[in-house]
Amino acid sequence: MSTIHLVYAHENQNLAEKITHQIGRIGIPFEHHTDSAAELPGQLAARVEATDGPVLLLVTDNFLKNRYCLANVLAMFQNLLRQKRVLTVVADGWKTAADGQQIESVPTQFDRVVHAIQYMNFWQTTYLDLNAQRSEIPDQEKPTFERNLESVRNIANEIGELFSTLKDAGYFTWEQLEADNYALFFRHFGLQEWHAQYEKLAALDHQAPAPPQASAENTAAPIAETPVIAGPLAPAPTTTTEPEPEQQASENTPTNGHETPPTVSTEQDDALPEIAGAGQPDQEDSERRKKIIEKEIRQTIMDAGFWLERGYTERGLELFRVALEQHPHHEDLQKAYERALEQYGEDSNGLDAQNNPAHDAPQQEPVPETPTQEPAPPLFTDAAPAAQEPVQEPVQASQHQEAASYDQMGENALEKGDYLLAKYCWDRVADLDPNTPGIFRKLALLTSVHLTDYKETAAYYLEQALKAEPEDAELHFRLGILLRDHLDQPGKALRHFGDTVMLNPDHGEGWLALAQSTHEAGDHAQAASLYQHAVDVNRDLKSEAYDALFLAPRQEKAPAIAEIEAPSEPPEQNEITTEAPVEEKAPGLISVSTPEPLTVLITGATSGIGRATAECFARHGHRVILTGRRSDRLEALQEHLLGTYQNDAHILHFDVRDYAGTREALQQIPESWQAIDLLINNAGLAKGFAPIHEGDPEHWDTMIDTNIKGLLYVTRCIAPGMVERQRGHIINVGSIAGKEVYPNGNVYCATKFAVDALTKSMRLDLHRHNIRISQVSPGHVEETEFALTRFDGDAEKAKIYNDFQPLKAADVAETIYFIAMQPAHVNIQDVWMSGTQQASTTMINRSGR
């Protein structure tokens, strides 16, 4: 017969050996597959996939926390499912107790969000910890370290999907496997005739005399025994008893729905059961554990309320049930659960107050509860857990780490389109560490873009984000739209639109929204003036409907302001969109719509001006293609733009000095990204600072190949598409060194003079095709790697900005954005800019910053 392949974590060898010993006695062959530190992550999964027989997969807490077991296991499991040759059994794991001698059983649960998220959190924390060590790894060990880091990153990204796949496929518990003499095993693998033989052997086992009692010296180690738990929620018994029949698992139904979550912090029971052989905890330790319990209970009530108010009744009540199983006598928890049942009714399982786990708890003397420092939060009716006032205690390092894990989990959920889970994770971040940079901005964009039913919630998050970033025009604009269109607060909306244009006078949509709100307030003349200003800023905002609303002669009765109908689908990216006005009706209040996003390709996007420009365009909702030589920085910037602005940038890794590589990379741009509207030739550098007779020819080649030939290569690949479409814009990043030479700048100045000349020549060649050509020529700019590169990484020599204030990379980026946002008939040819203290290439006021 076929060999049964038994897959498990090495810590659970006792379970595997028990199966082999019990079932193998009748001649069924087993082959063991377990993890080994001598192998690379993923090799266990590869070995199992290479087999062709039945597979029994033991999933335990140890398995789910072992990277050698989990690496590539999702793909392996999916393949085994397609081949219909896997039986999955979920069993308890184990760990060594604090005394170093006792063995503690660890329940394995992932069927509920409250359980699964703890494993997700474990792997996100593992990845963050490992990634923090990257800079300390010796060069010779880096390849191995990077492979391991990538493996952990993949596990962190896939474990949620693994749980979903396991639940969809179905699995059984260890108790179900052992029930009725392993009937499940024989039935699943079609070995019913072997079961009869095994039952005869098992009957003989029961007739055999009991083995003699082992002496203390010869007692087997606990790992050699199958963990037996009389009840996951009852205090540990003081005497050994056989489990009651009703405690045995059902044969056909998974029974791990009410086990204790696999985390130490939630504790087993209010009674804090003793561990055999361990001493009683001291008073200080007991108080600390009680405080942990109270914190967990308060968080559970908040989380349950969050899910209930979002319509996930079963999930919210489930959180209450799990908590009540662990703490059946907690008064605040019991009251919150009863209020939830009254307010939200029974869940889909028909559970009501009679099914309350507290009613099923063993009858015992009530355990005194820890006095609560403050009342447990009621089921709130505001937006989310984050709406709670932050605790006025310093954030501990562990909370920072937990917040970082939830933050990354939110990013992963967003990437996979699970917006509600992303919100849940980011709400936890805001609760754990409300000072996490950008957390309320993330929540605001998430709720306003992807969870469009959360209008009040989005407004709350926007207000919180504005407390941290009060000069962010885009946040004011978004909050104004919500207040005006959905929350019926036109006065507050008008103020936020005013703040928008004050902070960013080039915000055309802000001017238009201000015009609309002013028109609604009855000041038609002022509204017409504001509309005209909006059109001056952005010609794309001009339309017949708006002209009719704002500029048509006033009739006896002004056109009514129409209500705005909410969009049927969440708007994409960062846009706020609504329906277009219906023809032949009085033009109403047409909701602001961001102009069609530009597709922008930026060379040299990994640092300095290029990175700042990418962030600027992404912040305004445009699609950016990031290019550069350093793939790790491109990926980090891509993740940053996605997490901060929900902007899904595209990245291309190539060196502009290599024409063949440049052409090949640009030809690989996906079709949906190929219509590039704006090319920003930013890649450039300076190498060396020596007079011409002492210059390094290698430095010269690098500057000429990058600053001149690189610009030409990219332009040659992109410009034909613009000519074909008869539209486009190219902005070259030049330099003040292309206007004025300076000592020791010889070849660098020559390359930038070449950029200046090419910009003018390109304009002569391409203007007939409606293509705009522009240039920005900055002086000294900090927040770049310019000086560090020029002096070959010598940080001391690169300190050239300490005694004056130069431009910042963001200043140049905003100027580039200003050039790009001009109406189609306007071509700004050149912007020559410098810091106030710089008068020319050589004249700088170095009196201090």
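The lining of the second largest pocket divides into 10 nonpolar, 16 polar and 15 charged residues. Here Ala, Val, Leu, Ile, Met, Phe, Trp, Tyr, Cys and Pro count as nonpolar, Asp, Glu, Lys and Arg as charged, and the others, Gly among them, as polar. The model is predicted: local features need pLDDT of at least 70, side-chain atom pairs count only at pLDDT 80 or more, and totals for chains, interfaces and linings use all residues. Residues are numbered from 1 along each chain as its sequence is written, and side-chain values use heavy atoms, with hydrogens and water left out.

**The second largest pocket**

A pocket is an open set of points on a 1 Å grid over the protein atoms alone, where a 1.4 Å probe fits, with protein on both sides within 12 Å along at least five of seven lines; lining residues have an atom within 4 Å of a point. The second largest pocket holds about 1300 Å³ of space, a volume being the space filled by probe spheres set on points joined across faces, edges and corners. Its lining has 41 residues, and R153, E415, E635, Q638 and E639 lie nearest the centre. Two or more lining residues come from each of α6 (113-132), α7, α14 (397-415) and α24 (631-645). Helix α24 gives the largest share, 9 residues. Helices (H or I, at least four residues) and strands (E, at least two) are DSSP runs, numbered from the N terminus.

**Helix α5 and its ends**

Helix α5 spans residues 73-83, and its buried residues are V73, L74, M76, F77, N79 and L80. Buried means under 20% relative accessible area, exposed over 50%, and partly exposed in between (1.4 Å probe, protein chains only). An α-helix has 3.6 residues a turn, so residues three or four places apart point the same way. The buried residues of α5 pack against α2 (43-49), β3 (55-59), α3 (61-64), α4 (67-70), β4 (86-90) and α7 (142-169), where contact means heavy atoms within 4.5 Å.

N72 lies in the loop between α4 and α5. N72 is not a glycine, yet its phi is positive, about 65 degrees. Just after α5, K84 also has a positive phi, of about 55 degrees.

**Q726 and the cysteines**

Q726 sits in the loop between α26 (697-725) and β12 (728-733). Its phi is positive, near 60 degrees, and the residue is other than glycine.

A disulfide is a pair of cysteine sulfur atoms within 2.5 Å; the count is 0 disulfides.

| Residue | Relative accessibility | Class |
|---|---|---|
| C69 | 2% | buried |
| C425 | 0% | buried |
| N72 | 45% | partly exposed |
| Q726 | 35% | partly exposed |
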